[in-house]
There are 2 protein chains.
Amino acid sequence: MAIEPFHYDLMLEAIREAEASIAQGGLPIGAVLTRDRKIIARGHNNRVQEKNVILHGEMSCLRDAGLISFHDTVMYTTLSPCSMCAGALGLFKVSLAVIGESVTFPGSKDILDKFGIPWIDLADDRSIAMMKTWRSNPANERLWQGDIGN
Amino acid sequence: MAIEPFHYDLMLEAIREAEASIAQGGLPIGAVLTRDRKIIARGHNNRVQEKNVILHGEMSCLRDAGLISFHDTVMYTTLSPCSMCAGALGLFKVSLAVIGESVTFPGSKDILDKFGIPWIDLADDRSIAMMKTWRSNPANERLWQGDIGN
């Protein structure tokens with residue numbers, strides 16, 4: 001089944017979050033949360049900026065949402081969610097996860113599956129190029145390895 | 001194999017964190033992180049206090065630790081970790097998770113297992129009683145259900 005074009009438009013907003021993080025010296029991973037195709041929360045990886053290991057892009061976006069029910073929301077994230085973020089999406093029971101790419105990092109889609117969270121992987125060239133370009137700098141690659149606990 | 005007594009002493013510090021959260025109107029779940037049996041970070045569930053859904057006890061404790069490697073650390077948590085927190089402990093590769101109890105909430109030990117994180121469940125009466133007493137108040141039970149995304 002073809003992926004509906006609006007998913008790419010909303011992913012562009014997540015990419016803009018990632019670009020904002022790069023400009024701050026942070027990691028290039030962004031996220032937006034939507035309800036009825038409208039953005040209700042945004043965030044990007046803020047590990048470096050706040051010296052806070054838990055602030056992956058999706059986590060920063062969940063924080064921004066406040067104390068809501070997530071059952072009717074969709075999470076857009078530029079990069080396949082790690083085990084922490086996938087576990088959070090499973091716990092909070094988002095209705096759908098839309099993933100920019102899982103080429104540069106496979107992530108934990110199996111945790112989404114375990115919790116019955118549907119997901120779409122856009123395999124989006126924009127997300128792939130952003131991550132590859134950023135990681136080609138050895139200092140950035142070290143930041144990335146720290147981000148995933150290595 | 002008998003559980004070494006110092007684990008109960010360090011769990012008491014996690015319980016003290018949980019008690020501090022109760023006094024603030026928050027959820028009764030606390031955590032401490034240790035290296036060489038010394039506490040290097042502490043935290044408690046801060047969801048209500050900061051209106052931030054990601055701040056479970058373990059997450060608050062990881063935040064407190066800063067940008068360190070967790071490979072030689074031990075996480076003590078009063079309650080069995082949910083999928084988000086277990087996913088975080090797996091990602092950051094703590095050397096051991098010590099769990100106060102999993103009677104009132106089973107949590108996601110399977111995610112710890114999947115990442116090869118050893119764990120000990122103390123089945124600690126102090127943790128069990130704290131959670132049961134607190135949840136016997138219907139308003140608190142509603143807070144708890146929100147905490148696990150229901």
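How many residue pairs are in polar contact between chain A and chain B? The count is 12 residue pairs, both members being at pLDDT 80 or more. The points below take the contact between the chains, then each chain in turn. The model is predicted.

1. Extent of the contact. Chain A contributes 31 residues to the contact, and chain B contributes 31 residues. About 2600 Å² is buried between chain A and chain B, and 69% of that area lies on carbon and sulfur atoms. The size of an interface is often quoted in this way, as accessible area lost when the parts come together.

2. Charged pairs across the contact. The rule finds 2 salt bridges across the interface of chain A and chain B. A salt bridge joins B:Asp110 and A:Lys114, with the closest N and O atoms 2.3 Å apart. Side chains of opposite charge can pair when their charged atoms come close.

3. Helices on the chain A side. Three helices of chain A, namely helix H3 (57-65), helix H4 (83-92) and helix H5 (109-114), each supply at least two residues of the side that touches chain B. Of the side of chain A that touches chain B, H4(A) gives the most, with 6 residues.

4. Sheet of chain A. Chain A has an open sheet of 5 strands in the order S2-S1-S3-S4-S5, and the pairing is mixed. Strand S2 (38-44) and strand S5 (119-121) of chain A stand at the edges; each has a single partner strand, so one side of each is left without a neighbour in the sheet. From one strand to the next the twist averages 15 degrees.

5. Inside that sheet. Strand S1 (residues 30-35) of chain A pairs with strand S3 (residues 74-77) of chain A in the antiparallel sense, over 4 bridges. Opposite A:Leu33 stands A:Met75 in S3(A). H3(A) packs on the sheet and touches S1, S2 and S3 of chain A, its direction making about 130 degrees with that of S2(A). H3 of chain A is also one of the helices that supply at least two residues of the side touching chain B.

6. Salt bridges within the whole structure. Over all chains, a search of the whole structure finds 20 salt bridges. One of these is between A:Arg42 and A:Glu13, where the closest N and O atoms are 3.1 Å apart. This pair links distant parts of the chain: A:Arg42 is in strand S2 of chain A and A:Glu13 is in helix H1 (residues 6-23) of chain A, 29 residues apart. Strand S2 is an edge strand of the chain A sheet.

7. Sheet of chain B. The sheet of chain B is open, with 5 strands in the order S2-S1-S3-S4-S5 and mixed pairing. Its edge strands are strand S2 (38-44) and strand S5 (119-121) of chain B, each pairing on one side only. Neighbouring strands are turned by 15 degrees against each other on average, direction ignored.

8. Pairing and packing in chain B. Strand S1 (residues 30-35) and strand S3 (residues 74-79) of chain B pair in the antiparallel sense over 4 bridges. B:Leu33 has B:Met75 in S3(B) as its bridge partner. Helix H1 (residues 5-23) of chain B packs on the sheet, touching S1, S2, S3, strand S4 (96-101) and S5 of chain B, and its direction makes about 55 degrees with that of S3(B). Helix H6 (residues 125-135) of chain B also packs on the sheet; H6 touches S3 and S4 of chain B, at about 55 degrees to the direction of S4(B).

9. Annotation. An unreviewed UniProt entry carries the annotation "domain: CMP/dCMP-type deaminase" for residues 5-119 of chain A. The end C-alpha atoms of that span lie 16 Å apart, and the span is 41% helix and 19% strand.

Note on methods
Residues are numbered from 1 along each chain as its sequence is written. Chains are lettered from A and ligands numbered from 1 in the order in which they are written. This is a predicted model: local features need pLDDT of at least 70, side-chain atom pairs count only at pLDDT 80 or more; totals for chains, interfaces and linings use all residues. Side-chain values use heavy atoms; hydrogens and water are left out. Two strands pair if DSSP finds at least two bridges between them. Axes are lines fitted to C-alpha atoms, for helices over the stretch in contact, and angles run from 0 to 180 degrees between N-to-C directions. Contact means heavy atoms within 4.5 Å. UniProt positions are given in the numbering used here, feature names are shortened, and annotations may be inferred rather than shown by experiment. Buried area is the accessible area (1.4 Å probe) that two parts lose on being put together, summed over both. A salt bridge is a side-chain nitrogen of Lys or Arg within 4 Å of a carboxyl oxygen of Asp or Glu. A polar contact is a pair of N or O atoms within 3.5 Å; within protein, one must be able to donate a hydrogen and the other to accept it, and residues adjacent in sequence count only if both atoms are side-chain atoms.
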